[in-house]
Amino acid sequence: MSSISSSTYIMYGIKNCDTIKKARRYLEDNDVSYQFHDYRVDGLDDALLSTFISQLGWEVLVNKRGTTWRKLNDEEKNAVVDAASAKKVLLAEPAMIKRPVLVSADNRYLVGFSSDEYQKFTK
């Protein structure tokens, strides 16, 4: 088992994302046990997204820097104004969720990747 952590983590994201690849490499290089949940393969349901929104806030989850967001027209972008409207868009386009979302066995949540944050989070 891991020298950093004895708990298991779940990483949510999309397999071919460069940030996901970096985060997965970090966990593997540091012997952190985790499962990977790919939105495209394993899906994203309302309950899971609702949990993310309640734990993290919809503003944190909406990746406005990604290509999926940029492909939306102005009307669609301007319609994302609260948790309900964000949930509708994110369920339709899971690639728009900022990645990765890392969840610990004790229900702590971290979004994005930096080695410093991962080191603190997985201790």
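Reply: A place to begin is K87, which counts as partly exposed at a relative accessibility of 21%, where buried means under 20% relative accessible area, exposed over 50%, and partly exposed in between, with a 1.4 Å probe and protein chains only. The model is a predicted one, in which local features need pLDDT of at least 70 and side-chain atom pairs count only at pLDDT 80 or more, while totals for chains, interfaces and linings use all residues. Residues are numbered from 1 along each chain as its sequence is written, and side-chain values use heavy atoms, with hydrogens and water left out.

Me: With which residue does the side chain of K87 meet in a salt bridge?
Reply: In general, side chains of opposite charge can pair when their charged atoms come close. A salt bridge here is a side-chain nitrogen of Lys or Arg within 4 Å of a carboxyl oxygen of Asp or Glu. K87 lies in helix α7 and its partner in helix α3, 41 residues apart, so that the pair links distant parts of the chain; helices are DSSP runs of H or I with at least four residues, strands are runs of E with at least two, and both are numbered from the N terminus. The partner is partly exposed, with a relative accessible area of 41%, and the N to O distance is 3.6 Å, the residue being D46.

Me: How many residues apart are E117 and K120 in helix α8?
Reply: The side chains of E117 and K120 meet in a salt bridge, at 3.9 Å from N to O. E117 is partly exposed at 38% relative accessible area, whereas K120 is exposed at 60%. Both belong to helix α8 (residues 115-121), and they are separated by about one helical turn because their spacing in the helix is three residues.

Me: Which residue forms a salt bridge with R108?
Reply: The structure holds three salt bridges, and in the one made by R108 the closest N and O atoms are 3.1 Å apart.

Me: How many charged residues are in the lining of the largest pocket?
Reply: The largest pocket is lined by 18 residues, of which C17, N63, G66, T67 and R99 lie nearest its centre, and α5 gives the most to the lining, with five residues. On a 1 Å grid over the protein atoms alone, a pocket is an open set of points where a 1.4 Å probe fits, with protein on both sides within 12 Å along at least five of seven lines, and lining residues have an atom within 4 Å of a point. Ala, Val, Leu, Ile, Met, Phe, Trp, Tyr, Cys and Pro count as nonpolar, Asp, Glu, Lys and Arg as charged, and the others, Gly among them, as polar. The lining divides into five nonpolar residues, six polar ones and, for the charged group, seven.
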